[in-house]
Structure formats: structure tokens, C-alpha cells
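Please open the model in the viewer and keep the selection panel at hand.

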Amino acid sequence: MDLASNRMQQLSVPAELAPEWAQWIQRARDGSLPLPELMDRANFLQNRQLGQAAAALYEAWLGVDGHPPASRLVALYNWGTVLGNVQQHQQAEQVYHQALAISPTFAQARLNLGHQLEHQQRVEEALAAWRGVYDHEGPMEALGADLLGLRTHALNNAARLLELQRRYEESEALMVRSLTLKPDQTDVMQHYVHIRQKQCKWPVYQPFGEVTHNALLLATSLLATLSATDDPALQMGAAQRFVLEKVTRPKEAPLWRHPASVAARQQGGKIRIGYLSGDLCMHAVGLLTAELYELHDREKFEVHAFCWSREDGTPLRRRLLQSFDKVWRINAMDDTNAAKLIAQTGIDVLVDLQGLTSGARPNILAYRAAPVQVSYLGLPATSLLPGVDWIIADRFVMPPEYLPYCSETPIYLPHCYQVSDRRREVGAPPTRAQYELPEDAFVFCSFNNNHKMNAEMFGAWMRILRGVPGSVLWLLADNEWAKANLRREAEAAGVDAARLIFAPRVAPPDYLARFTLPDLVLDTFPYNAGTTASDCLWMGTPILTRSGRSYISRMCGSLLTAVGLPDLITFSLQEYEERAIQIGRNPGRARSYKRYLRDEGRNSELFNVPQIVRDIEREFEQLTLAHRA
């Protein structure tokens, strides 16, 4: 095999393209390929998913001396873009540095350099690259782009990365700068609202400049809306905005109807269940569902994962991977090819564990790769996603009055919608002194994420503390800004901030173990505890909830019903406060709940996981048989 043929094979150039590609390479090397034609040929190769071949074409062209600096600049920029697309981030970084050596003020090259540095986890260098765009004084070179747009792009990239680094105050400040320059950026407004929720910065809807209160409301994501209101109509509106703006509506027939998909489903006889998720790792969804996959009846069902989860190296991740009959890693696939893979695998029931939450890939579902597509756990609300026709629920979380605001048809489980894991690892029993909790005080607790808190419920918690002398509230220390803001709110409500005690984040086993220390957990509203409620009930500690009109505001109530403690469900703010104060003033009542949970809780319907799995399987089997018929 000659060198040219060997190179073509390495770059996966198909045989029918090989003669043309060899000719293009030769012309690039001898200097007879003009820049416009080079770009055209490279784009053609990229459209054929031949990014490595496109990169090799640019490399050959740039290996020739004599090209004008302006042409070299364009070719270097394009080469860097192609290299980034094929995950060759170190080489792309070097190429962008070459471009910047020709033109140090080339804004797009500096922007893309930041992306390559971020991919290599070089956070400060990436932030510095973007800062070189948005803080640059004087003119910048921008090829065919609006410089204002490039500045806001740089600000938004830096804000996003700072948010991922949990540097919330810096991130928010850059969002404000970006929106001041360009107020109509709904995606940035969406993050601005949510990052204020994470910091417990109330009021969350803080207008500035030309960014109005109304604009912030309209831009709010579904996740942030779930924390802001239990009005199912507003939640449905937030989902609808996302679907209209972000989700494609394929014009072709559903993929599950294609002959290859039909033939695949007819093979083997077993019902094929596919779980679609980017959270099959150390995440609330992964923690809840590990035993679900393990308990599926392999005589009847074949269980697949279509997964783009991070490889976090945890024992949970290994356990999850081992619980499936087949794991398909679709990280590098686009949504269309991922959907085709699901269809070709012959999946009967595709279970979406993501919904519209962070990292979701809703366009996979839009292609209808399976005849039955079901929403479960990841989004406890309607998604309005085209192609998702069903949602797993129970009659508490989805009462009849909620159904008009939900695009999915409920699959009602008899007892509780939520599966959980009875094999969760628990750490050594802690002491109150270990967490600086008073030994003789009544300890209220909320370990829900800070973005689930709001001014109304925190005000109720402060009135509860005032109503139970000497009591304390144990909260998750999610970030320093939330801690400072919550202490400030407590003082404003007439409560000594020292009565707020903040728990550090710990490993999951120790997190579970410390649920034995509080007397009563206080749930958030309208975004109820889900996994957290399951955890505290499993560990034998009662939780007081307030149930509202939406699925997510009724999650904890469903769990309390299934565990046998419906008297810990309230339906108004006043009732919630009164019940908490009654229990706080009568610690024996809290102890009786703990005794009940210790003696009966783990034997209740809530933790009868094998039965919940059988209930799910029965519904999936009926839906599959109806389609097959």
C-alpha cells in the first residue's frame, strides 16, 4: 500500500471519493488550489462527516509558502475550527495561536482559542482569552461578523464557564454586562434568572437597563419556572417556548415505522426498553434508578441505555453500566444519528430520563425512534416534547385537574411514581456535635438545592423558628452568596442568623447518614424534594411538605402517602407553618414519626421496589403489545 492510500485509509476517505481527494491534496501541495475552492472542498468533506480529511486538506494547503497573509489567516481560522470539531483541541489551540501571530486583534480566533482551552480544562486561560475580546480597547479584526455580537459572545462564554465553576457572582456580573450591550438575549436572561435563584438573591426578577421584569418572566426556563410557581399553565407556557424555539419538527415519517426498525423489533421476541439519559452517573437520576434496571425481568425484557453521561469513575457509574444488557454511548453522535441508532436497535419503549433539564437532547425524541416514548423522573412536569406521548405518574402527583396542562398521557402506577434504590450505601452514624448542631434543640432541616428556595417559603421557615423557641434550621451550604443572602434575610425577619447552621457538601454515604440527626425536614415549595425526600424517609426522618397544583409540587406528598404518613402533607402556607410549629413544640410527635419509619417505613409501598418495577413492566408490556398488534 503506498503512502497516499495509507493516508486515505487513516482518514476514512471512502473509495468513491479517493481519486478526487487525492487530486485536491496534490493541488493544495503544489499551490494550485485557490482559497475559495479550498474552503468549498473542505466544507464538502465536513458535510460528509469527513472532518479529519478536511483538516488534512487545510494542513497541506498551509504547508506551502507564498500565500498572502490575509489568505493564510482565513485558512488557519478554518483549519482550527475543523480541528476543534474533530476533538483535536491541542492542535487547534496551536493553529489559533498561529492566526493570532498574524493578527493579534482577530476576535473570532481568540474566541475559538478560549473554547479549545476550555476543552482542555484550562479554565483561567480560557477566561483570559475571552476577556481579551470583551475588554479589548480599540478596534478588533472581525471577519464577516458584528463586533458587538462577538463581544457579547465572549461575555456569555465566560459567564457560562464561571457558572459551571460555581463562581456565581462573577458570572452574574458578566451576564449583566452582556445584556446591557444587547438586551434582547433571551438565553442570557434565562441564565441570569436561574443564577439569582442559586444565590437566593431575592427578588429573583431584578430588572436593569432595558431588561424589563416582563422580559425576564418570558425568558425564564422551565426549570426556573418550576421553582417560581406551581401554576401548571405557566409551567406549560415555559415548556412551550422552549419547544418552539429549540426543538426540530422532522418532516419525514417516524423512524420507528421504517422497515429496518420494524424488522429489528420483530426479532427475538423480548420487549426492548431503551433508557435515554445523560445522568447515568453520580446524579439524582442515577442514584434513584440503579435498582430499576437491575430488577427488570430478563425473561421478558431486554434493557438498553442510550447514554451521554460523564465518566465520573464512581462505583455508582460502574454499577449502572453493568445493569444494562447493552450500553450505547452516543456522546459523539448528533441527534439524528442517535435517533436512527435507537430505531435500528428495535427499541419498543424509549424512556426519556432527561426532559428539558440541563444537558437534555430533546431532538432525539422528536424523530420518534420508538413506537412508545415515555417521560420519567428527570422532569417532573410536562415537557410538551413532540414524540413523548406518555409520562409515568401516580394519582397523587397527577390529579384530574392537572391533566389539561399536560401534553403526555399519564401511566398511573398503583402506589407511587418514584422508584428508588434499596442498596444505597450509608456512612458511619454521625453526631450532632460533629456538625455543630445543638444537642438539646429541635433541629429543622432542608437539604434541597438552593435554587428550590424562595422568599415566600423562607419567610415561613423564619416564622416557624420564631414559633419554636431555641430551634435551629440546618441548611445545605451550596455557595457563599446563598449563605450570606439567607443570613441577611433571617436578620431582616427578626431571627438571629446564628440559628441558621450550614452543612457542607459530603460524599453520598455521609450525606445519607446525617439525615438521622434532624428532628423534622422542611420541604420546599413549589419545587418539592424528590430524591432528597426519598433519602430522608429511607433514613427514618419525617419530612413536612406542602402540595400544590403541579406535578413537581406534589412529589413529596406522593412519597408520604406511599410510606404511610399522609398527615405530614399540607395544602397551604398557613397549614404548613402551623403543622411545623405543632411538631416543633411537641418533639415527642417527631420521635413517634421516626419510630414509625424505623419500624414500618422500609416495608411500605414506597420502598417495595420490585413491585414498582413489575407495575412499570406491566404498563410497558401492554403498550408494546398494543403497537405490535
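Predicted model: local features only at pLDDT ≥ 70, side-chain atom pairs only at ≥ 80, totals over all residues.

N603 lies in the loop that joins α26 (587–600) to α27 (609–628). Because its relative accessibility is 66%, above the 50% cut-off, N603 counts as exposed.

Next, select α26 itself. This helix has 14 residues and spans 20 Å from its first C-alpha to its last, close to the 20 Å expected at 1.5 Å a residue. Colour A590, Y593 and L597, the buried residues of α26. Viewed down the axis of α26, these buried residues fall within an arc of 55°, so they line one face of the helix. Turn to the face directed away from the buried side, where the exposed residues R591 and R598 are found.

What covers the buried residues of α26? Display α23 (531–538), α24 (555–563) and α25 (573–585), which are included in that cover.

Rolling a probe the size of a water molecule over the atoms shows where empty space is left. The count comes to 1 cavity of 30 Å³ or more, and the largest cavity has a volume of about 30 Å³. To see its lining, select L276, W308, D352, Q354, G355, A360, R361, P362 and L365. Colouring by residue class divides the lining of the largest cavity into 5 nonpolar, 2 polar and 2 charged residues.

Methods. Residues numbered from 1 in each chain as written. Heavy atoms only, no water. Helix = DSSP H or I, 4+ residues; strand = E, 2+ residues; numbered from the N terminus. Buried < 20%, exposed > 50% of the residue type's maximum accessible area, 1.4 Å probe, protein only. 1 Å grid on protein atoms, 1.4 Å probe; cavity = no way out; pocket = protein on both sides within 12 Å on 5 of 7 lines; lining within 4 Å. Points joined across faces, edges and corners; volume = space filled by probe spheres on them. Nonpolar A, V, L, I, M, F, W, Y, C, P; charged D, E, K, R; others polar. Expected span 1.5 Å × (residues − 1). Arc of directions from axis to C-beta. Contact = heavy atoms within 4.5 Å.
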